[in-house]
Amino acid sequence: MVYAEEGKVVVADVSSDSHICEWEMNGLQDISTQFISDGSKLLVNYQFEDNAQKLEIRDANTGVLIIDIIPELPNGTHSYAITPDGTKLLYSEAEYDISNDGPPSREIPIPSKAISRLIDIATGDTTLIFDNEYFPKVVFTPDGTQFVNIPSYSSFGAQKDTTLYIWDAVSGEFIRELFLSTQAPSSFVFHPDGKSFFTARRIGGGGSGPPPTPSGIFRHGISFIAKANFHQWDFESGDLIREFPVQVTDIKVFSDGNRFITNAFYRGSDFRVWRLDTQDELIDWACKNRFVADFTPDQMDIYRITSANSVCDQ
């Protein structure tokens with residue numbers, strides 16, 4: 001566990017409630033952290049009281065600074081993502097010209113300045129530079145050779161579809177666009193085989209209960225609609241594989257690729273574990289783990305079944 005106290009950051013052992021290490025950091029407003037690869041390194045994103053941001057990589061056991069990411073656009077915003085093997089960091093920065101003329105636009109803003117860098121975590125060296133490119137949300141493919149740039153999520157966005165941008169993480173070249181027939185996702189995760197991915201989106205409308213903003217703060221007067229926002233897509237074609245009839249806010253896929261867990265925290269952290277099976281696999285599992293009755297004459301007529309035996313006896 002990592003948390004901020006007055007003037008310092010603490011890494012603690014949850015099981016024993018003891019400090020592992022700590023370091024000084026003044027003027028903090030908030031921090032977010034991510035353990036890298038085997039857990040020996042820790043990425044720390046600092047948000048300071050003056051709205052400045054800072055990114056560091058430290059030794060998770062000693063707190064010793066390994067890499068200090070120096071922003072090239074200190075007055076801008078940043079995003080970051082780590083390759084699945086924990087060896088590279090994609091650090092992206094942008095500055096925007098803010099105008100107070102007229103109402104806010106629903107269109108995704110274009111930065112006035114932008115730069116992105118792929119950084120070697122072992123050495124701190126920049127291995128790739130993407131000039132004039134800002135990646136607001138990046139997800140690497142499981143093998144780390146490509147990454148997906150996902151447009152900024154807005155709970156009030158008017159767009160009815162989304163274009164994802166696929167980049168080569170080795171050469172830095174743009175590869176292709178991928179079109180989805182839904183709005184920009186707030187959650188995106190690959191299947192471990194890299195052939196498909198899952199998306200979810202927080203959506204507002206006319207249902208019950210106020211939805212959370214991307215920061216987790218609830219807005220009053222707006223509620224979720226009873227519409228599926230959880231999908232699985234083919235990575236090569238962008239075709240929709242299946243739509244799940246449930247609203248979720250976060251998705252994690254198990255390493256075996258056969259199950260995944262979802263959370264809908266607007267319902268008070270509603271965690272659910274799902275199976276990801278073909279029809280034949282699902283029938284086989286149900287026959288081994290559930291009671292399946294024989295068909296009635298009416299069911300045989302409705303489903304055009306010629307045998308009264310259950311599907312498990314076919």
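Phe135 touches Ser79, Leu90, Ser92, Ser116, Phe130, Phe147, Asn149 and Trp167, residues up to four places away in sequence being left out of this list, where a contact means heavy atoms within 4.5 Å. Phe135 lies in the loop between S11 and S12, with helices (H or I, at least four residues) and strands (E, at least two) taken as DSSP runs and numbered from the N terminus. At a relative accessibility of 0%, Phe135 counts as buried, the classes being buried under 20% relative accessible area, exposed over 50% and partly exposed in between, for a 1.4 Å probe and protein chains only. Between Phe135 and Ala114 there are 21 residues of separation in sequence and 9.0 Å in space, C-alpha to C-alpha.

The structure is a predicted model, in which local features need pLDDT of at least 70 and side-chain atom pairs count only at pLDDT 80 or more, whereas totals for chains, interfaces and linings use all residues. Residues are numbered from 1 along each chain as its sequence is written, and side-chain values use heavy atoms, with hydrogens and water left out.

The chain contains two helices and 22 strands, and of its 314 residues 40% count as buried. Among the contacts between residues at least 6 apart in sequence, 37% join residues at least 24 apart.

Asn132 has a phi near 60 degrees, a positive value in a residue other than glycine, and is exposed, with a relative accessible area of 66%. A second residue of this kind is Asn51, with a positive phi near 75 degrees, which lies in the loop between S5 and S6 and counts as exposed at 57% relative accessibility.

Strand S6 (residues 53-59) and strand S7 (residues 65-69) run antiparallel and are joined by four bridges, two strands being paired if DSSP finds at least two bridges between them. Five residues stand between the strands of this hairpin, in which Gly63 takes a positive phi near 80 degrees.

Elsewhere in the chain, Ala264 is found in strand S21 (residues 259-264) and is buried, with a relative accessible area of 0%. Ala264 and Ile251 are 13 residues apart in sequence, and their C-alpha atoms are 9.4 Å apart in space.

Two cavities of 30 Å³ or more are counted, a cavity being a set of points, on a 1 Å grid over the protein atoms alone, where a 1.4 Å probe fits but cannot get out. The second largest cavity has a volume of about 50 Å³, with grid points joined across faces, edges and corners and the volume taken as the space filled by probe spheres set on the points. Its lining, made up of residues with an atom within 4 Å of a point, consists of Gln53, Pro71, Leu73, Pro74, Gly76, Thr77, His78, Tyr91 and Glu93. Strand S8 (77-82) and strand S9 (88-95) each supply at least two residues of the lining of the second largest cavity. These lining residues divide into four nonpolar, four polar and one charged, where Ala, Val, Leu, Ile, Met, Phe, Trp, Tyr, Cys and Pro count as nonpolar, Asp, Glu, Lys and Arg as charged, and the others, Gly among them, as polar.

Definitions and conventions. 1 Å grid on protein atoms, 1.4 Å probe; cavity = no way out; pocket = protein on both sides within 12 Å on 5 of 7 lines; lining within 4 Å.
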